[in-house]
Amino acid sequence: MGHSFRTIIEPFRIHSVEPLRMTTAEDRSAAIEQSGFNLFNLHAEDVLIDLLTDSGTGAMSRDQWAAIQHGDESYAGSPSWFRFEAAVKDLFPFEHIIPTHQGRAAEKILFTVVGGADKIVPNNTHFDTTRANVEASGAEARDLVISEGHDAATIHPFKGNMDLDALDALLAERASDVPVVFLTITNNSGGGQPVSLANIRGVSEICRRYGVPFFLDACRFAENAWFIHEREAGQGDRTIADIVREIASLADGMTMSAKKDPFGNIGGWLAMNDDALAENCRNILILTEGFPTYGGLAGRDLEAIAQGLKEAVHPDYLRYRIRSTAYLGDALDAAGVPVVKPIGGHAVYLDAKALLGHVPALEYPGQSLAIALYKVGGIRSCEIGTVMFGRQPDGSEKPAAMELVRLAIPRRTYTQSHIDYVIEVVTAVANDAAALSGYRMVHEPAALRHFTARYEPLAS
Ligand code: F0G
């Protein structure tokens, strides 16, 4: 009677399983060499634990699979569309909801309309596709995260916060060149770090003062709201949905990838209150994605997302989600592996600069570490450092602010013993990190080079 237990369990049990294919170190050496030492080029079947991304890789629930059976594939005005629109508006009550096949399609449409030469788009930290879409329009993508956000080891409860003074100063000088201010929640490229409600209110106030629209890149809104619930004074008694609605009320619109918190395998949307902007965006939507009641999606996808949105804000799920990510991060930290702290929402970020101090940034220490994790233990991760962000719009190459390797945790997919295995592998690789050498890029595509580049190992 009255016991309380420490262990936070998965708030679900397994209903359908997928086999994992075991490989040997020899198999993996051959596979990574064949892939040009780019983990994106691997066959997924050659990966044991796939932590490349949390995007579209989560397990759907029984109720999502059931919802899929209700998918109505009418070209126009499908009931699946109306269920999707209602579920989105329940959390994000923007006037116009424009469905897209994924987040970057929403970005492409928005920046085609509002971007252009001589414009600046500030963000706490642009994600890679967001930066690329801003830059493809001719505009400048400027990151204004607080200074704590640049340092892997500094502890701050809301390390994704925007530097409000820097934003105010930029708008004081150039407001007419800023078509939109963005805030990414949680801040993916900066370590999956949350943004506080106070900071979101601050960004909103500044944007309203200068008459500049404020948009959210809200992929991981539920995880961000959970951090607000747990860490911000006065927020612990609110429901997650209530916090999310307040965040939406502070903004003028959003871009969204439904492949993250909403548990979609595909999907996204663009939303806004401005009628004229919505009209322009819908015109491009029809050209590039599809009719406004399905965008780039099948009716069944709209249904899966509508149900997923309801599950994403459940406190039992979010408590488990955030705790299970911290379980991995805390264990690596305790083993002496340098990680970005505090541990973020959807991923643990290894600090390759600290671990491979002997490998110069332009020899890609993060890539070297990610390759070693695959070769040693079949774990696929993702470099977030100079490979991803080093190439500049003027063609030069310079070191990124941080050299990170992201272990992204797919939602509801891996069990604690999978994660215990990851802890063992990462610790073993970290202990031998001094023996790892750098890489040279031998093929580099024009944009978003990390996806398709090829490398050669440099002699140690
Ligand atoms: N914004 C953020 C913050 C993201 O993390 C992503 C995708 C996008 C936008 C684009 O969405 O993939 O649906 O086109 N992030 C994935 C990741 C790919 O691995 O972090 P998308």
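Biologist: At what angle do α4 and helix α5 (residues 128-136) pack, and how far apart are their axes?
Modeller: They pack at an angle of about 25 degrees, with their axes 9 Å apart. Axes here are lines fitted to C-alpha atoms, for helices over the stretch in contact, and angles run from 0 to 180 degrees between N-to-C directions. Helices (H or I, at least four residues) and strands (E, at least two) are DSSP runs, numbered from the N terminus.

Biologist: Before we go on, what kind of model is this?
Modeller: It is a predicted model, in which local features need pLDDT of at least 70 and side-chain atom pairs count only at pLDDT 80 or more, while totals for chains, interfaces and linings use all residues. Residues are numbered from 1 along each chain as its sequence is written, and side-chain values use heavy atoms, leaving out hydrogens and water.

Biologist: Back to α4 and α5: are they roughly parallel or oblique?
Modeller: They are roughly parallel, because of that angle. Angles under 35 degrees count as roughly parallel, over 145 as roughly antiparallel, 65 to 115 as roughly perpendicular and the rest as oblique.

Biologist: And which hand does the crossing of α4 and α5 have?
Modeller: It is right-handed. A crossing is right-handed if the near helix is turned clockwise from the far one by less than a right angle, and left-handed if anticlockwise.

Biologist: How does α4 pack with helix α10 (residues 275-288)?
Modeller: The angle between α4 and α10 is about 125 degrees, and their axes are 9 Å apart. α4 is therefore oblique to α10. Their crossing is right-handed.

Biologist: What about α14 and α16?
Modeller: Helix α14 (residues 365-377) packs against helix α16 (residues 416-431) at about 120 degrees, with axes 10 Å apart. These two helices are therefore oblique to each other, and α14 passes α16 in a right-handed crossing.

Biologist: New topic: how many residues surround the ligand?
Modeller: There are 17, and the closest are T53, R104, S257, K260 and R406.

Biologist: How does the shell divide by residue type?
Modeller: Two residues are nonpolar, eight polar and seven charged. Ala, Val, Leu, Ile, Met, Phe, Trp, Tyr, Cys and Pro count as nonpolar, Asp, Glu, Lys and Arg as charged, and the others, Gly among them, as polar.

Biologist: What does the side chain of K260 do at the ligand?
Modeller: A polar side-chain atom of K260 lies 3.0 Å from a nitrogen atom of the ligand. For T53, a polar side-chain atom is 2.6 Å from a ligand oxygen atom.

Biologist: How much of the ligand does the protein bury?
Modeller: Taken alone, the ligand exposes 470 Å², and the protein buries 94% of that. Accessible areas come from the Shrake-Rupley method with a 1.4 Å probe.

Biologist: Last topic: which residues does a cis peptide bond join?
Modeller: One joins I185 and T186, with omega about -15 degrees, and T186 lies in the loop between β5 (181-184) and α7 (197-210). The bond from K341 to P342 is also cis, with omega near -5 degrees.

How values were computed: Near = heavy atom within 4 Å. Polar contact = N/O pair within 3.5 Å; in protein donor to acceptor, adjacent residues only side chain to side chain.
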